[in-house]
Amino acid sequence: MDELLRDFLTETAENLDQVDVELVRFEQEPANDKILGNIFRLVHTVKGTCGFLGLGRLEALAHAAETLMGEFRSGAMATPDAVTLILAAIDRIKEILADLEKAGTEPAGDDLDLIAELERVAIEVSKPKTAVDPTLGRELRPGEVPLDELERAFRETPGPDIAIAAPRPAAVAEAPALKLVEPEAAKPAAAAPALADEPRGGEVTLAGQTIRVGVDTLDRLMNMVSELVLTRNQLLDTVRRRGESEFGPSLQRLNHVTAELQEGVMKTRMQPIGAAWRALPRLVRDLSSDLGKKIELVTEGADTELDRQVLDLIKDPLTHMVRNCADHGLETPAERVAAGKSETGVIRLSAYHQGGCIIVEIADDGRGLDVERIKKKAVANGLATEADVEKMSDAQVHRFIFAPGFSTAAAVTSVSGRGVGMDVVRANIELIGGAVDLRSTAGKGSAVVIRIPLTLAIVSALMVTADGETFAIPQLSVLELVRTRRGGDHVIERIGDTSLLRLRDRLLPLVRLRDLLGLATQDADAAEDVFVVISQVGDDIFGIVVDDVLHTEEIVVKPMASRLNHIALFSGTTILGDGSVILILDPNGVAAAAGPATHREAAAEEAGSGFDDRADIVPLLLFRAGSAAPKAVPLALVTRLEMIEVDTIEATGGRMLVQYRGGLMPLVPAGEGVALKSAGAQPLLVFSDEGRSVGLVVDEIIDIVDHRMEITIGSISAGVLGTSVVAGHATEIVDVAYYLTLAFEDWLRRTDRPSERNDQPAVLLVDDSSFFRNMLTPVLTAAGFRVTAAASGGEALRLLRDGRGFDVIVTDIEMPEMDGFAFAAAVRAEGLAAHRPILALSSLTAESVVERAREEGFSDYVAKFDRPRLVASLETLAPRWRSAA
Amino acid sequence: MSADDPITYVTVEVAGQLFGINIGRVREVFALERLTRVPLSPAEIAGVLNLRGRIVTAIDMRVRLGLSPKTIDEHTMAVGVDHKGEALALIVDRVGDVLALTASDREAKPATLDPRWAAVAEGVHRLDGQLMLILDVERAVDSATLAQAA
């Protein structure tokens, strides 16, 4: 294709996108001459260039559109119909351009239909002539306006300080080929080039300001710089190994220059995200009229820059999501008014930087996701069973949106439901190492939050070793590093095949890189003295156990060879300073491969349910005590697992004691028939609170499993809460409280005698599950609270109405009949709480629920199994001194 | 091209068997240095290496032919080939002479040839005292063929 023509096509495509945006703006602000001037100039440029290149069909169409716009310039009212017509003409121009790009010539046919219509409207709008342009002072004839008008406008608009080239009718030929000003620069504020616009075509070259460079050239440059970075790293490495060298200073300089060059080239590839948003105002306008909804598009942070490669990849997902907001999210004006909202719905697009990432949010203030409808659809599509969806939290239900082939519109409209779903959006985003999340509040709107990396080419990575091999872990997913050592601050605990690390009262699952990669295992001693890379993938936090941590380095990511990229654990390769190749670990892959303990979502998907139900899942510690059948206790209750020498256990007065952490700890057998081993190491589960510890003697610690907490059979014997099927075996869920009282008789009884201890803050614990009431009562009692438990919101309200005073109320959120939110509302409505804090307790930790709890006036929100946080929160909300005073 | 035009082969030896690789397919012959093994990869992938800034995937021809893996040291030789835009290296026991042979002398694969060897050979040349199998590079490096053989 002719180079001139190619340049024309690129330039015109950009100009037309700009026209779309400006026209929509113009419709909203018909009085803004500046906007009109811009549109006029852009269309005029297209027309002029077409004429020059002999593209008759395009020229005629552009001319007719220009004529109509001329009428607006001379004061005619810009009616929505007229704007729609111009937009239609622009669309037709785009079609012709597309054909032109393919074939190299204009397609056959004419556009008389559109042209006639444009002229008709031009005459029609010019008739009223109520506002004759004062500078013109005469009637306008269609077709005559542009030239005069334009030149007049040029003369009358004040010029910028920079020199403006004189009109050069002869220079049009080179104009399109030579320049041009990027559309961003040509936006309203930069009307400067427009001023010098010459009726017959091109724009003036503001030499040296911007030049058009092929994307290939930039990509090639980027590759070269990547290689340069590698070579520099190699040189630095060599000199470092040799020690003092005369190369030192010049290498230092090379180092700086390379770094700056790298930054500079990266910058050339950066584009403001607004470039991906440019088509959206037009889209929203069209959607608004198609759907009969009033929609306002608000954008924030359009100048946030990101790599153009990333930008290209998110363009389509963004468009899709805006479409979704307009179609599914926002209500009709009537519905909105009925719901007490303003007629106009708002779609808000925002972009900002956050820790090496760009966050893009697409939010609407519509009806929010329809949980019931999604549930129905999920069941209808076979994504889950009815029983499943009933148990799911709203957040879990929301995630179905991302399931393949899912569309929520009750009727598939022409606007959405075109086969591209949120699953594709998610896949596209994840492809570039990003993540998608969803928030929705019924009646208030929903938001999709996308997190994308700044660039794909160079990442900062942590170098680690396993079995003598070096691997890179992208820094983005690394939270912190922990060194473990026998007898040190951090110790790896092991249960069954599972390794765990207790870090600031969180119990993190560990995965050993050596095991994961099938490398040789370390001997037992060395395996204790290792580094743990605490990583986060989505909401999952886990530790990757490595032999050693070397340093961090900026690495250039090279793709995996095609025959190796089925290995999900690696995301690519890179060449180090010394020339060796190392593999880059993919934290997503590691999390997935690490199994259900660290990546429950993956496990849920494998099970065919396709949703994330981690909220209901509790890690259980399985052990054997007395009988062959396994017993279980929620892992969160257990403080430590210990192996102690049987010799050190002392028996006094029928009680067993052991020296433990500078004190004597009583030991209690965990069930009948549990006997101490005759020699060697005795496994213990240690429970500690407020400086007191109890050791539960067990025969064997089996494993840790993730289990959905349901007690199927009620308790029949003391010390057992009930039976649940765990990993295919009927398992007794042990009543920890029972054993704690065996060790310290007063551990529980304090609740029974509140009058004697009324210096302690009183807690009202509302939970429908007897399991949780039984579990939390001893925990809170041990922490120094007087606990009164209620099995339902109704029961709790009765207690409050009876005048029982409590310092703080702790309530479960998910309860039948009256849920935690309703209970809290009732308490406040009846004035029963009198400024007493109410704390929400829930197994749902989705952000939306937390947010709702805040909105509903809960003082704090704690996950059910987060015992230390619960205690800490209670101590803040109801400090002991308050009651004592 | 007439059947009498000579075709130039780079000869290599794998487990005592002579193979000829069409010189047009050979990018370079080099000694393996610093091979990085790739955990969890198929057995015939010996690892990846850096060859002047390109990442090359090395295939152990012994494993490819169903034999035990080669012990790799810095003297181990490899033949670099390109396949579908990616750089590959075929690890061999020894690189021999370059021979120009005419296509008319070429013979079909003997029916008795071990199927794993037959799978990667496109013909045979009789040389003085030994047979040279013509290596079908496409099949030798194709992951689908690899999967079948495994």
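Guide: In E8(B), the bridge partner of Tyr9(B) is Leu99(B). Please note from the outset that the model is a predicted one.

Visitor: Over how many bridges do strand E1 of chain B and E8(B) pair, and in which sense?

Guide: Strand E1 of chain B spans residues 6–14. One of its residues, Tyr9(B), has Leu99(B) of E8(B) as its bridge partner. The sense of the pairing between E1 and E8(B) is antiparallel, and the number of bridges is 7.

Visitor: What is the order of the strands in the open sheet of chain B?

Guide: The sheet has 5 strands, with mixed pairing. Its edge strands are E8 (94–102) and E9 (121–127) of chain B, each of which pairs on one side only. Neighbouring strands are turned by 35° against each other on average, direction ignored. The order is E8-E1-E2-E10-E9.

Visitor: Why do helix H3 and helix H4 of chain A count as roughly antiparallel?

Guide: Helix H3 (residues 56–73) and helix H4 (residues 80–103) of chain A pack with their axes 10 Å apart, at an angle of about 160°. Angles over 145 degrees count as roughly antiparallel. The angle therefore makes the relation of H3(A) to H4(A) roughly antiparallel.

Visitor: How many nonpolar, polar and charged residues are in the contact of H3(A) with H4(A)?

Guide: H3(A) passes H4(A) in a left-handed crossing. The contact is made by residues including Leu58(A), Leu61(A) and Phe72(A) of H3(A), and Ile86(A), Ile93(A) and Leu100(A) of H4(A). Arg57(A) of H3(A) and Arg92(A) of H4(A) are also among them. The residues divide into 15 nonpolar, no polar and 2 charged.

Visitor: What area is buried between chain B and chain A?

Guide: The size of an interface is often given as the accessible area lost when the parts come together. Here 23 residues of chain B are in contact with 26 residues of chain A. Carbon and sulfur atoms give 60% of the buried area, which is about 1,900 Å².

Visitor: Which three residues supply 29% of the area that chain B buries against chain A?

Guide: This share is more than any other three residues supply. The residues are Arg37(B), Pro39(B) and Leu40(B).

Visitor: Which residue in the turn between E22(A) and E23(A) has a positive phi?

Guide: Strand E22 (residues 649–652) and strand E23 (residues 655–660) of chain A pair in the antiparallel sense over 4 bridges. In E23(A), Arg655(A) is the bridge partner of Thr652(A). The two strands form a hairpin with 2 residues between them, and the residue with a positive phi, about 55°, is Gly653(A).

Terms used. Residues are numbered from 1 along each chain as its sequence is written. Chains are lettered from A and ligands numbered from 1 in the order in which they are written. This is a predicted model: local features need pLDDT of at least 70, side-chain atom pairs count only at pLDDT 80 or more; totals for chains, interfaces and linings use all residues. Side-chain values use heavy atoms; hydrogens and water are left out. Two strands pair if DSSP finds at least two bridges between them. Axes are lines fitted to C-alpha atoms, for helices over the stretch in contact, and angles run from 0 to 180 degrees between N-to-C directions. Angles under 35 degrees count as roughly parallel, over 145 as roughly antiparallel, 65 to 115 as roughly perpendicular and the rest as oblique. A crossing is left-handed if the near helix is turned anticlockwise from the far one by less than a right angle, and right-handed if clockwise. Contact means heavy atoms within 4.5 Å. Ala, Val, Leu, Ile, Met, Phe, Trp, Tyr, Cys and Pro count as nonpolar, Asp, Glu, Lys and Arg as charged, and the others, Gly among them, as polar. Buried area is the accessible area (1.4 Å probe) that two parts lose on being put together, summed over both.
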